[in-house]
Amino acid sequence: MPRTTWRTPALPRHAPATRQPAQHEHRGGWSVEQHCPQADDCARPCRGARRQGLVIGTVHPATGGVTRRRQPPHRVPLLKAAAAALASALLITATTTAATADSGSPGAQRWQPTVRPHATVIPGQMRSDRDQLPKGFSKKQADKAETMEARVTDGCQVYWPAPYEVCGAIRDKYNELGGPGSFLSFPNSNELTNPDGVGKRTEFINGPIYWSPQGGAHPVVNHFFAAWARNGWEAGPIGYPTSDEIVNPDGVGRRQHFESGDIYWKLNEAYAVRGAIRDKWAEAGWEAGYLGYPISDEFTTPDGIGSGARFEHGMIYWTAAYGAHPVSGGLLTKWELSGYEKGPYGYPVADQQPRGSSWDQDFQFGTMGFPTDPVAAVDPDDGDADPTVGDQVPVTWADFAADANTEGAGRPVIQDKPGTLEPCTAGESCMHDGATTVADDDPPDDPIIDGPDTQGTFISPLCLDQPWDGRWRTGRKHACMIWKNLDVDVIDTKGAEVGSIPFTVKTGVLTSHKSGEFQQEFRVDFHGLTGKTGKPTFRYKLTYNNAPAGSYSVDGADDGSLIKSGQSKVIVVKWKQQAMADQALKYPVVNIAWNFGNLDPEIVPGRQWGNIRVADVRCDSMMKLSNGTFRQGCVFYGVTPEFKLTSVTPEQTWHVAEAIASGLPGSAGRPLHRQADKSKRDINRQFSCPRKGAVADARRLTGRSCDEYPFASSNEGAAAHPDLGRTVHDNCNVKDLPITTGPDGYSVCMIDAKQNSHSGSLLGKFYGEERVIDQDAFSLATSGGAPPGIP
């Protein structure tokens with residue numbers, strides 16, 4: 001009888017390749033998707049099962065999975081008794097089900113042999129003339145079966161109405177399972193010899209029974225048959241079956257043993273596990289361990305060197321040089337991101353080991369840790385891994401000014417006018433932009449200030465030395481704006497313009513990397529009131545988007561206070577920190593509106609308002625204090641901060657300058673972007689500066705450490721172009737990489753280890769002070785560099 005040629009759908013990387021059957025024969029006649037009539041019918045006790053005692057579990061600390069341990073031998077008799085009781089219950093269930101099943105389905109009724117079968121066909125006297133035939137059988141088949149029953153071969157049996165002989169050990173197994181009333185239903189072939197010339201098989205409607213001298217007779221059906229077919233049937237690596245299906249201890253999955261491996265099934269599919277990978281899985285606790293059930297057959301890695309298998313919660317990889325080792329949890333995620341065995345770490349060479357709350361695992365070319373790397377594997381410049389912000393919270397203007405004016409504040413960005421004037425209403429006093437009567441640019445020597453005297457804390461030379469055109473000048477944590485050529489045309493009750501109030505608006509905003517609060521000065525300078533102006537008053541109102549009441553406080557001139565010529569009205573607003581979950585972002589929008597009233601009954605005040613809107617602030621809770629608590633901070637996110645490298649770390653400064661000069665990104669026009677994912681950062685470093693192996697050994701110099709650029713903590717790090725490595729000078733002692741140029745790739749240089757470490761700390765400080773969070777752009781500026789000495 002021919003075998004069915006099974007097809008396996010396309011599978012992702014590291015999935016097993018389909019093992020095609022021999023071309024001269026195939027098996028089939030039943031569907032591998034057809035399930036047992038009753039689930040219990042698929043299970044039978046295992047002779048010589050692999051377990052020698054009850055298995056209990058312990059929680060695996062890395063994954064929360066269960067690792068099983070064997071019970072002491074004195075408890076084995078209890079297990080055997082329990083197994084016997086279970087087998088008895090299954091047999092009762094199967095018998096009851098067979099007796100009550102649909103009488104029209106093959107094998108559903110309790111099967112009985114023909115009483116006094118006829119050796120030849122006698123019309124009108126055959127069993128088929130008396131008994132109803134099961135579905136799928138013809139009278140011709142039934143009559144032939146009856147004649148075969150009458151002259152059956154010694155050691156064989158015919159199961160009417162199927163015209164086939166079932167013989168020897170296969171017959172015994174078939175009868176043990178329940179014959180035609182079992183999940184196999186009726187025979188579908190005589191006994192067949194397998195291609196090896198040794199083993200035998202008989203096909204049944206729902207699957208075959210295979211026999212071999214070494215394994216005995218056992219059915220292989222449904223998903224188990226499909227998995228066995230993928231692995232080459234008896235000619236494949238797992239050989240003949242040595243057991244029936246067995247219900248696993250979890251009561252959910254099943255397994256079947258073969259000469260050189262097992263097939264495991266759970267709910268949807270079955271997969272083979274064998275050899276050293278099977279042994280390591282057993283060591284990890286079988287299906288009840290932290291790896292769970294297999295979800296792939298064994299596969300060969302693309303390089304042809306190793307093999308592996310996927311499980312529900314991890315993988316096991318094997319090489320001849322290093323043996324089999326599981327990789328799971330965060331370590332597997334990190335290894336996957338790095339490119340598996342083709343990446344910078346290579347194959348696993350040891351099992352994972354706990355280290356406090358982290359886990360470590362040795363690979364060919366480095367030790368990987370999760371969630372943190374082991375100390376032994378940390379390169380000197382690791383300060384950028386988890387930057388922190390200072391503990392002290394700013395309170396005063398001076399505190400905020402000190403936090404805002406950091407070295408990495410970035411190049412100022414000039415933005416559009418944030419101020420607007422509402423339309424005027426005819427017959428009312430009205431504010432205008434571009435007034436012909438212009439306020440003096442310079443304040444008087446002794447200004448009259450109504451409100452706090454901030455002494456230029458908010459409105460710095462960033463704006464004072466630039467055109468007063470009403471546009472924002474913005475740094476990373478500081479923005480200011482001066483808007484001149486404004487005035488109020490004063491209108492009396494007769495509708496006549498009787499006076500003018502020229503004024504200048506100034507405002508400045510300070511943020512901090514250590515607080516979710518930001519502060520703003522709003523200042524209006526009045527100069528040379530002309531004509532009849534009545535009794536003008538200064539009015540203002542504040543809004544903070546989606547913030548609850550009490551979200552700001554004001555210090556300064558009172559709302560509705562009188563305006564005097566030569567006076568400055570000043571208020572300082574504290575836009576208070578808002579509640580925010582850890583590792584979250586907010587984009588606050590605040591607005592200061594002002595208006596000029598008038599207490600003189602002969603003057604018609606305007607209902608027009610001016611507005612100054614601040615909408616470019618980002619507050620985040622992504623960074624921590626030294627004690628691990630998340631702390632809010634705010635910046636103007638449209639400004640790209642600048643990391644300055646100087647003569648403090650001359651060799652690293654030189655390397656970065658040379659790398660940028662060779663074409664790599666990092667200048668203001670081609671910024672880097674922070675990569676805050678520690679796993680991806682570590683992969684960048686492993687590509688550029690492997691910790692183990694021939695490359696690392698050849699580069700190693702006393703007192704030096706490996707420096708890579710672009711930084712490992714950037715998207716542009718080595719993993720972005722792993723095949724485009726370079727060095728910039730022979731003094732770098734990186735003989736495995738060429739000295740070259742180009743816009744993509746990475747550069748490596750062995751530099752002074754202490755400078756490398758200090759530079760990493762400076763980079764981490766920069767990330768913290770400028771709130772450079774994941775994917776934020778930043779540029780570099782270098783000065784005072786010097787190359788390392790000749791190796």
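Trainee: Which strands does helix 6 lie across, and at what angle to strand 19 does it run?
Mentor: Helix 6 (residues 329-338) lies across strand 18 and strand 19, and its direction makes about 125 degrees with that of strand 19. Helices (H or I, at least four residues) and strands (E, at least two) are DSSP runs numbered from the N terminus, contact means heavy atoms within 4.5 Å, and angles, from 0 to 180 degrees, are taken between N-to-C directions of lines fitted to C-alpha atoms, for helices over the stretch in contact. This is a predicted model, in which local features need pLDDT of at least 70 and side-chain atom pairs count only at pLDDT 80 or more, while totals for chains, interfaces and linings use all residues. Residues are numbered from 1 along each chain as its sequence is written, and side-chain values use heavy atoms, leaving out hydrogens and water.

Trainee: What order do the strands of that open sheet follow?
Mentor: The order is 17-18-19, with antiparallel pairing, where two strands pair if DSSP finds at least two bridges between them. Strand 17 (353-355) and strand 19 (366-370) each have a single partner strand, so one side of each lacks a neighbour in the sheet.

Trainee: And which residue is the bridge partner of R355?
Mentor: That is S358, in strand 18; strand 17 and strand 18 are joined by three bridges.

Trainee: Switching to the sheet 40-42-41, what is its pairing like?
Mentor: The pairing in this open sheet is mixed, and strand 41 runs parallel to strand 42 (residues 746-752) over two bridges.

Trainee: Which strands does helix 12 lie across?
Mentor: Helix 12 (residues 753-769) lies across strand 40 and strand 42, at about 120 degrees to strand 42.
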